[in-house]
Amino acid sequence: MSMPTTHLAHGAEAQRTTPPQRDFAHTGPGTPAGRFMRTFWQPVYVARELDPGRAVLVRVMGADFTLYRGESGSWHLLGPNCAHRGTQLSTGWVEGDCLRCFYHGWKYDAAGQCVEQPAEDASFARKVHVPSYPVQEYLGLVFAYLGEGEPPPLPRYPHVEGRNGVVDAGRGVLPYNFFNQVENSVDELHVFFVHRDSQFEAAGLTGLPALEAEETEYGLRVRDIMPTGSVRVVHLIMPTILYVQVYPHDQESGWRDFLLWRVPVDDHAFQTFFLLCANVTGEAAERYLAQADRYLNFTHDPRIAELGEAVLSGQLRIEDIQDRRRIVALQDYISQKGQGVIPDREHEHLGRSDVGVILLRRIWERELLALLEGRPLKQWRIPDTLTATSGV
Ligand code: FES
Ligand SMILES: [Fe+2]
């Protein structure tokens, strides 16, 4: 599928004219947004996707890492390459909580210290190490801290931890900049326009709301005041986490709580990591779990990019797509990738319905400027009780 080169050229132009505190899109090592993102724990893997005793290469914010699980199941994260002659460490073998290099057998412990070199003098190993990073499993996701200094405590989500019901953890990969989707989180108007023919509308979410946005202790909250008087509440937990209610999968599961992290792979792609929570227990939970398509709009599915590119290139129209099961993901893909892989944010025309996007950018810009000037950043706090509402 061909790339929309006009968008890429546009993006390159934007990069030259955007002041550093407003460049949210570039997160490689040393960039302002990248340094900011690295002050937070970020999910890097779905726990059930890696067996104990296995290693894998992961790419996060333009840098590679070796994620591995010790034979006991514990998680470890090292730099990507062996300190000897640089081969990719993830191709080696896990031994206990250590990792042995594929090329000449140097062995590293979980702190990245070399502890064995089959063909060298015993005194050499202690002088050799590779970088290591804190990593923790929580709610089925694997979180890493890639920033400098002591990591902050891993943020907890008591309203997810303590719930009765089914929580699915999963991920997806999308080929455009993460901030397109972070902004989309607080662009609630899009739900009523781009998704006007989707499972949201079928579940009763219709009509144009009046929108309000306010900064909170955890990030920001957007409220949609519906024509009926009901209120839809959406939260953006800093820096990229959406907490929202999504449509019911079936009659029994009801509106589901959805928590979604966005983590750049590099500046042109990102991963979403999600927890999808359905309030079903007992036999209803069994029936819900038996339906593999319950998260089809949220999980990794190459069909979404394939169909999305076909629409963007004009080979298909969205109306031609008969299979409605992925329609929300496809509508989001087309609208967000259609902005460009890295959009030009300096030449938009924002209106009153963009209150969420405007506030999000104001917060990010303020924090990036503080970081650039060496001033303290806001300490975000997730309250024990946080409720998203459907608006129906
Ligand atoms: S490159 Fe790893 S042991 Fe030689
Ligand atoms: Fe959407």
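Q: Which residue in β11 is the bridge partner of Gln 42?
A: In this predicted model, Gln 42 has Ala 144 of β11 as its bridge partner.

Q: How many bridges hold β1 and β11 together, and in which sense do they pair?
A: Four bridges, antiparallel, with β11 covering residues 141-144.

Q: What sheet do those two belong to?
A: An open one of three strands, in the order β1-β11-β10, with antiparallel pairing. β1 (42-46) and β10 (135-138) are the edge strands; each has a single partner, so one side of each has no neighbour in the sheet. From one strand to the next, the twist averages 35 degrees.

Q: Back to Ala 144. What is it in contact with, sequence neighbours aside?
A: Setting aside residues within four places in sequence, Ala 144 contacts Trp 41, Gln 42, Val 44, Leu 77, Tyr 133, Pro 134 and Val 135.

Q: And where does Ala 144 show up in the largest nonpolar core?
A: Among the residues that touch the most other members: those are Val 44, Leu 67, Ala 144 and Ile 241, out of 93 residues in that core. Strand β18 (residues 269-278) gives the most to the core, with seven residues.

Q: Which domains does the core draw on?
A: Domain 1 (53-144) and domain 2 (158-390) each supply at least three residues. As background, nonpolar side chains tend to be buried together in soluble globular proteins.

Q: How far apart are the domain centres?
A: The C-alpha centres of domain 1 and domain 2 are 34 Å apart. As for contacts between them, seven residues of domain 1 meet 10 residues of domain 2. The domain 1 side of that contact has four nonpolar, two polar and one charged residues.

Q: Is Met 61 buried or exposed?
A: Buried: Met 61 has 23 C-beta neighbours inside 10 Å, and the cut-off for buried is 20 or more.

Q: Which loop holds Leu 139, and what is its phi?
A: Leu 139 is in the loop between β10 and β11. Its phi is positive too, about 55 degrees, and again this is not a glycine. Leu 139 counts as partly exposed, with 16 other C-beta atoms within 10 Å.

Q: Where's the cis peptide bond near Pro 239?
A: From Met 238 to Pro 239, with omega near 5 degrees. Pro 239 sits in the loop between β15 (231-237) and β16 (241-246). Most peptide bonds are trans.

Q: On to helices. Why is α9 called largely enclosed?
A: Because nine of its 11 residues are buried; the helix runs over residues 327-337. The buried ones are Ile 327, Val 328, Ala 329, Leu 330, Gln 331, Asp 332, Tyr 333, Gln 336 and Lys 337.

Q: What do they pack against?
A: The buried residues of α9 pack against β12 (166-174), α4 (178-185), α6 (199-202) and α8 (302-312).

Q: Which residues of α8 are buried?
A: Ile 304, Ala 305, Leu 307, Gly 308 and Val 311. The elements covering the buried residues of α8 include α9. Just after α8, Gly 314 takes a positive phi of about 90 degrees.

Notes
Residues numbered from 1 in each chain as written. Chains lettered and ligands numbered in written order. Predicted model: local features only at pLDDT ≥ 70, side-chain atom pairs only at ≥ 80, totals over all residues. Domains from an automatic or database assignment. Contact = placed C-beta atoms within 7 Å. Nonpolar A, V, L, I, M, F, W, Y, C, P; charged D, E, K, R; others polar. Buried ≥ 20, exposed ≤ 12 C-beta atoms within 10 Å, placed from the backbone. Pairing = 2+ DSSP bridges. Axes fitted to C-alpha atoms, helices over the stretch in contact; angles between N-to-C directions. Core = buried A, V, L, I, M, F, W, Y, C linked by C-beta atoms within 7 Å.
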